[in-house]
Amino acid sequence: MAIKIVERRPLSFLEKTYLPQIIAGLKVTWDNLVKPPVTLQYPEERPVIPNGYRGVPTLVRDPQGREKCVSCQLCEFVCPPKAIRITPGEILETADNNHVEKAPKEFDIDMLRCIYCGLCQEVCPEEAIWLQGQYSMTGMTREEMVNNKDKLYELGGTLPDSHYKWDKKKAEAERQQNEQH
Amino acid sequence: MIEQILNDLILSPAWYYTAARGLTVIVILMSIAAYSVLLERKASAWIQGRVGPNRTNHPLIAWIPFFGNVLMRGGFIQPAADGLKFLFKEDALPGHVRKTFYVLAPCLALAPVLISLVMLPFGELPNGKIITLCPGADIGVLFMFAISSLGVYGIALAGWAANSKYPFLGAIRGSAQLISYELAMGLSVLTVFLATATPDQNNALSLVSMVKAQTGAWNILYHPVAALIFLICIFAEANRHPFDMPESETDLVGGFHTEYGAFKFGLFFVAEYSHMIIGSSLFILMFLGGWHVLPWLPNVGTGIFATLIGLGSFFFKLAAFLFFFVWVRWTVPRFRYDQVMRIGWRVLLPIAVVNLLVYFIWYALQG
């Protein structure tokens, strides 16, 4: 490896007085002083959340308004801090989505336990639970920090995905039944 | 005799008049000190790309339609909140301190600054009288140097009474630094007095006559070297960056006031900022023409307006100077202790001596 010897220039008289450096430094700080601040006035101004941000886990509906969760409880099992608690429930015979196997009766995510790891989203076979742009969870009591089912759907909104797996499954089942007859 | 003293103290209207004047000046000094803390916080925020204190508000002020919001954004209520916080915090007394001296130290830090305020002239009335607490004094600058240097006793005592290592180191550094820079400061001022005082003058050391000698060019134009040395020395005397050896919060955890809290810490705080104010006022009076508006333009307007404009220009210069203190603080890193000593003894002192000799010979040759 070639060795490059850097010539050290002796300091000039002005540099030895240290004053030009101080004046240059004062100019730098003055330039910074007249610049607009880079900080955000947080509660009034909110940061722009990039797409794909993984904040608070939420539940989503499909474009027809059907809740996607089928309460398979995989997220509940995979959740490392055990933040999720699901009570599975049956769907009424009369409901028009009764071809879906199940739906959650209760779905609570304790945000005091959640570590935002995203494993629930990864494990969900129905793409029903998503970590979304909500980044600020606050509350005055422990109860407030538990997101129940209504809150989760309110935060989650709709997933614009027109795959409709359960409808296709129902149509296929009906077709096979017709063929048998 | 006691009757006489009581009579003088309680019944004499002159006493009340003096007390009122003293209180006014102290109140002005305290509010300038409080608002220079705000200036410090705001300017540091601006330099670092932040906004600074802009949330503190009071319902009475928030009620004012537009102005209230401006005041809140500017942080103008912040000093009151800070002061109240110092007042209402628990005044803890650590178990390991020497209690008498521990309590005495903050008072000793603040008292000399308030005393030296006596000699400070602010402006000139239309009838030629000087706005100051002690109009007849002819030893102004000597008195101020003598008294304001006593402030270091507060620091030394605090460091010793706190009975712990960091404050002790801070106090040692503070006193060494003060001794080192006092010399160069005195010599640089001597150069200026050599120039302005005439041999048969009675009040040669008076700050008023110093200001009156600057109706033409200001002293900073004739004595740039002395002004620079004095400037560096007041930074060192006020324990401001880059010379804040006694405090140096990064290596001494706050230095001499490490063990202090609540109101006693507040007193140290006020003392530091008052020191800055006194130092800047001295610089303004000696080098920047005091209450004169511009070089070769001593006053604008006539009568009471001239007085007001003079007062305004004095306080404007003071504010600019305080901003300069803050500006330098957020620009220059702290010197190492040995560098401080080297600058004091091996750079500033020789330059001050040579400067004095050169001016001395020059004036001697001039006759």
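**Exercise 1. Work out what share of chain B is buried, and whether the chain's radius of gyration fits a compact globule or departs from one.**

Step 1. Start with burial: of the 367 residues in chain B, 41% are buried. Keep in mind that you're looking at a predicted model.

Step 2. Along the principal axes, the C-alpha atoms of chain B fill a box of roughly 65 × 60 × 50 Å.

Step 3. Compare with the globule rule. A compact globule of 367 residues would have a radius of gyration near 21 Å, and chain B comes out at 22 Å, so the two agree.

Step 4. Check what the chain is built from and how it folds back on itself. Chain B has 16 helices and 2 strands. Take the contacts in chain B between residues at least 6 apart in sequence: 76% of them join residues at least 24 apart.

**Exercise 2. Find out whether helix 12 of chain B is enclosed or open, and say what covers its buried residues.**

Step 1. Locate the helix. Helix 12 of chain B runs over residues 224-237, which makes 14 residues. From its first C-alpha to its last it reaches 20 Å, close to the 20 Å expected at 1.5 Å a residue.

Step 2. Count the buried residues. The cut-off is 20 or more other C-beta atoms within 10 Å of a residue's own. In helix 12 of chain B, 11 of the 14 residues are buried, so the helix is largely enclosed by the rest of the structure. Among them are B:F230, B:L231, B:C233 and B:E237.

Step 3. Look for the cover. It includes helix 9 (165-196), helix 11 (219-222), helix 14 (262-287) and helix 16 (337-366) of chain B.

**Exercise 3. Follow the chain past helix 12 of chain B and pick out the backbone features in the loop there.**

Step 1. Go just beyond the helix. There B:N239 takes a positive phi of about 55°, and this residue is not a glycine.

Step 2. With 26 other C-beta atoms within 10 Å, B:N239 is buried.

Step 3. Move along to B:P242, which is in the loop between helix 12 and helix 13 (249-252) of chain B. The peptide bond joining B:H241 and B:P242 is cis, with omega about 0°.

Step 4. A:S71, in the loop between strand 1 (57-59) and helix 3 (74-78) of chain A, has a positive phi near 50°. A:S71 counts as buried because 22 C-beta neighbours lie inside 10 Å.

**Exercise 4. Which residues touch the most other members of the largest nonpolar core?**

Step 1. The core has 89 residues, and the ones touching the most other members are B:A158, B:F230, B:C233 and B:F283. Helix 14 of chain B gives the most to this core, with 15 residues.

Step 2. Zoom in on B:A158. Leaving aside neighbours within four places in sequence, B:A158 is in contact with B:A105, B:P167, B:A171, B:F256, B:H257 and B:Y260.

**Exercise 5. How many residues does each chain bring to the contact?**

Step 1. Chain A brings 11 residues and chain B brings 10 residues.

Step 2. Sort the side of chain A that touches chain B: 5 residues are nonpolar, 5 are polar and 1 is charged.

How values were computed
Residues are numbered from 1 along each chain as its sequence is written. Chains are lettered from A and ligands numbered from 1 in the order in which they are written. This is a predicted model: local features need pLDDT of at least 70, side-chain atom pairs count only at pLDDT 80 or more; totals for chains, interfaces and linings use all residues. Helices (H or I, at least four residues) and strands (E, at least two) are DSSP runs, numbered from the N terminus. The radius of gyration is taken over C-alpha atoms; the globule rule is 2.2 Å times the number of residues to the power 0.38. A residue is buried if 20 or more other C-beta atoms lie within 10 Å of its own, exposed if 12 or fewer, and partly exposed in between; C-beta atoms are placed from the backbone. Two residues are in contact if their C-beta atoms, placed from the backbone, lie within 7 Å. Ala, Val, Leu, Ile, Met, Phe, Trp, Tyr, Cys and Pro count as nonpolar, Asp, Glu, Lys and Arg as charged, and the others, Gly among them, as polar. The expected span of a helix is 1.5 Å times one less than its number of residues. A nonpolar core is a set of buried Ala, Val, Leu, Ile, Met, Phe, Trp, Tyr and Cys residues joined through C-beta atoms within 7 Å.
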